[in-house]
Amino acid sequence: MAAHRRASGPPAKEMLRDCARDVVAVAEGIREVSARTSSVLFSPALTSSARHRPRTGLAARWALLRTLTNKQGLGGSAIVAPDGVGHLLGAAGEALGRESLAALVAVTSLRLRIAAVLLDHPEFGHDPGMRRLTDAVTADHGPEAVRALRALFKDRGAQRSLSALAPILAELLAIRGLLDEDPLSDETAWALAAGRELAAGPVSGLDAAHLAVPGRGEGAAQAVEPSAQEARSLATEGSFLGFLRNIDALTGDGRVLVQEVRGPDGVLRYVVQAPGTAPGRPRDDSPQDFAGAWRNLFLTDSPYTRSILLAIRAHGIPRGADLALVGHGEGGIALLNLAQDDEFCRAYRVTHVVAVGARADDRTPADPRTWVAGITNRYDIVPALDGPGGPHSNRYRVDYTGPTREFPHCHLLRVYIDHLETVIPQARADVDRALAPYRGPVERSRVYRLRDRARPPEGYPFLAVPTTSLVTSAGPVDVPVRYYDSSAAHLCFPVDTDVARSLLPDVAWLVPTRLGRRALAVLSLYEHRCTTIGPYTELGLSVLVDDLWRPHAYDLAADLLRRADLRRTGRYVVSLAVGTEEARAVAEEVWAQPAVRGTADVDLQGRELRVHAPELGVSVEGRPGPGARCPEPDWVLYGRRGGSTVRTLVRTHGRPRIHARPRLRLRLDGAHGPLARYLQILELDAVRPGFVLTSPRFVARRSAGAVLPR
């Protein structure tokens with residue numbers, strides 16, 4: 001009977017999410033009790049009573065103070081008075097290492113939510129952002145977890161590494177509000193306002209003047225011309241799939257589209273089309289990138305929603321006009337925010353809101369006549385993290401099971417378009433039927449670029465460089481490839497020169513650089529948390545080689561004094577193992593470096609370095625030992641394509657250190673594949689590295705490969 005009840009009950013992941021919501025509600029209730037208790041403790045009336053009736057007044061204040069600060073009460077840092085003694089007591093609680101009961105309960109909620117995510121998407125266990133978040137909330141005991149999580153929220157680099165988990169930001173926002181030492185600060189107040197805007201609806205009267213925060217993201221929209229190819233691809237007839245294909249053409253670089261459609265009844269109507277965000281792809285100063293979304297959630301209100309509003313106003317849509325809003329992912333959420341605003345719906349008649357890859361049934365439009373549709377893939381973590389919404393009238397919802405569960409592939413708009421044509425054609429027909437007033441010729445299309453004026457481009461100034469687009473088997477790639485948040489460790493092994501030479505191509509001009517009688521092999525370990533080709537891990541083996549044309553005995557020493565672009569020596573990449581198909585395609589097709597897919601769990605930011613790649617049978621563990629600062633480790637990398645050598649320049653910026661006595665050990669357990677085979681040939685698992693270069697956090701850019709006639 002019990003087994004039958006479990007089989008017929010709700011899924012475990014839904015039960016975990018429901019429990020997480022209940023627990024965080026309890027934490028918010030505890031915080032409210034703490035605030036009320038603190039207000040009474042420091043109220044003028046009680047202060048006056050303690051002065052005039054010390055026997056009873058002081059006893060009452062003492063009881064309230066113990067309730068606030070005792071470990072068996074509301075915790076040690078639950079003082080929320082705006083100034084004076086309350087702040088001093090709160091600071092004292094922090095110094096003693098105490099954490100409020102609300103914070104401890106909030107972290108429990110986050111643990112439940114992470115368990116639900118990993119239950120439905122076990123592949124997220126290898127995601128750098130999820131790993132850092134899990135490490136923070138699974139500390140040895142509650143107070144340590146709270147402090148680790150609070151430090152994570154303050155760390156800008158960690159915010160970028162958590163960017164792939166943007167769908168869970170609403171939950172993280174609530175947790176952050178409960179962890180904030182000063183919940184009445186301006187920053188926290190605006191963060192909570194932003195969280196309510198994204199999680200529960202916009203502030204009443206959504207307007208740029210009302211929502212602007214001095215010195216922060218004001219949002220902006222500027223009309224721009226699409227490229228000739230994009231202009232040709234825009235739909236000329238109004239249809240559901242036509243609108244989605246328009247969005248797909250504009251995805252990821254901070255643009256929205258407004259189209260004017262002449263309906264079958266001759267009425268001119270307007271369709272606003274908003275893309276979502278692209279995982280791991282910071283986009284200059286656009287409010288659509290994940291790093292910006294994190295900061296906008298925690299530091300200010302939403303510039304994406306406000307920028308779309310400015311684009312609508314710049315287009316000159318007349319008041320009272322019929323308006324349909326179609327969006328993907330976070331674009332759908334931003335449009336739902338607009339539909340929830342009373343003032344916006346008084347200015348325009350929002351007839352339809354269609355959100356693809358975003359859950360729409362937990363948001364109620366201001367106009368009850370608005371038809372709302374939400375189409376989600378059950379394997380898509382973006383809408384799934386919000387949990388199911390309640391029943392609503394005038395709603396259309398499709399929650400289907402797609403043929404693949406790999407994320408972020410299942411969240412891509414082009415995948416949703418393919419599924420609407422092949423897996424759920426009835427949903428496409430239903431939405432088209434609802435959008436019948438917009439089935440007509442498109443009379444005007446206008447593209448608007450959205451801006452966030454509050455911050456410079458991501459990675460400025462080091463990564464603010466000209467780029468060009470190259471075509472690969474995994475899609476177009478902008479080069480140089482930019483790395484916004486990465487960690488690296490380079491294990492340098494002296495090896496036999498003849499053995500190292502056997503790993504290089506059979507050409508006379510590729511000769512290992514000699515350090516005395518030995519050559520140098522480098523095992524490079526990378527954790528790329530935020531890049532323009534998405535987050536991934538990288539394990540690479542290379543051999544230091546001489547100048548291809550005129551090798552000299554002291555080239556390596558002379559190169560250390562040259563700029564990276566003038567160096568003659570370099571590292572020939574023997575083998576790579578990367579975590580994503582995009583990274584593999586770029587390595588082989590742009591840089592001519594032999595690469596295979598292989599996932600790895602990499603942690604290079606603590607005192608101990610840890611790499612575990614069970615698919616490859618490779619692991620590295622140990623401490624690099626004492627180190628000293630060294631110059632930036634810019635690199636020249638070589639690969640081979642046909643009869644030519646390809647040279648790639650890697651520029652880095654961080655705080656590298658060199659470790660002369662590392663206590664690291666490479667292990668090859670059941671190793672297979674080219675990388676492990678070459679490591680075995682060099683017998684690197686039998687020795688310790690001669691020295692190690694580490695960069696716990698750095699930014700970098702890798703140029704396109706230059707083909708050399710050698």
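Mentor: Keep in mind that this is a predicted model.

Trainee: What makes S18 and S23 a pair of strands?

Mentor: Two strands pair if there are at least two bridges between them. S18 and strand S23 (residues 663-668) are joined by 6 bridges, and they run antiparallel. Another of these contacts is Val618, whose bridge partner in S23 is Leu668.

Trainee: Which other strand pairs with S18, and in which sense?

Mentor: Strand S17 (residues 609-613) pairs with strand S18 (residues 618-623) in the antiparallel sense, over 5 bridges. Leu609 stands opposite Gly622 in S18. The hairpin of S17 and S18 has 4 residues between the strands, and Gly617 there takes a positive phi near 70 degrees.

Trainee: Where does Asp634 lie, and why is Asp634 called buried?

Mentor: Asp634 is in the loop between strand S19 (627-629) and strand S20 (635-641). Buried means under 20% relative accessible area. Asp634 has 10% relative accessibility, so Asp634 counts as buried. Leaving aside residues up to four places away in sequence, Asp634 touches Ala564, Arg567, Val650, Arg651 and Thr652.

Trainee: Now the sheet of 8 strands. What is its strand order?

Mentor: The order is S1-S8-S2-S3-S4-S5-S6-S7; the sheet is open and its pairing is mixed.

Trainee: What makes strand S1 (220-224) and strand S7 (395-400) edge strands?

Mentor: Each of S1 and S7 pairs on one side only. From one strand to the next, the twist averages 20 degrees.

Trainee: How do you know in which sense S3 and S4 pair?

Mentor: Strand S3 (residues 268-274) and strand S4 (residues 322-328) have 5 bridges between them, in the parallel sense. At least two bridges are needed for a pair. Ala274 stands opposite Gly327 in S4.

Trainee: Which strands does helix H14 touch?

Mentor: Helix H14 (residues 240-250) packs on the sheet and touches strand S2 (255-262), S3, S4, strand S5 (349-356), strand S6 (371-377) and strand S8 (442-451). The direction of H14 makes about 155 degrees with that of S2. Helix H17 (residues 330-339) lies across S3, S4, S5 and S6, and runs at about 150 degrees to S4.

Trainee: Why is the pair of Trp371 and Tyr396 called stacked?

Mentor: Ring centres must lie within 6.5 Å for a pair, and planes under 30 degrees apart count as stacked. The centres of the Trp371 and Tyr396 rings are 5.8 Å apart and their planes are at 25 degrees, so the pair is stacked. Trp371 is in strand S6 and Tyr396 in strand S7, 25 residues apart. The structure holds 4 aromatic pairs.

Trainee: Are these two residues buried or exposed?

Mentor: The limit for buried is under 20%. Trp371 has a relative accessible area of 16%, so Trp371 is buried. Tyr396 has 19%, so Tyr396 is buried.

Trainee: What makes Arg701 lie over the face of Phe462?

Mentor: CZ of Arg has to be within 6 Å of the ring centre and within 35 degrees of the ring normal. Arg701 lies over the face of Phe462, at 4.5 Å from the ring centre. Arg702 lies over the face of Tyr526, at 5.4 Å from the ring centre.

Note on methods
Residues are numbered from 1 along each chain as its sequence is written. This is a predicted model: local features need pLDDT of at least 70, side-chain atom pairs count only at pLDDT 80 or more; totals for chains, interfaces and linings use all residues. Side-chain values use heavy atoms; hydrogens and water are left out. Helices (H or I, at least four residues) and strands (E, at least two) are DSSP runs, numbered from the N terminus. Axes are lines fitted to C-alpha atoms, for helices over the stretch in contact, and angles run from 0 to 180 degrees between N-to-C directions. Contact means heavy atoms within 4.5 Å. Rings of Phe, Tyr and Trp (its six-membered ring) pair if their centres lie within 6.5 Å; planes under 30 degrees apart count as stacked, over 60 as edge-to-face and the rest as tilted. Buried means under 20% relative accessible area, exposed over 50%, partly exposed in between (1.4 Å probe, protein chains only).
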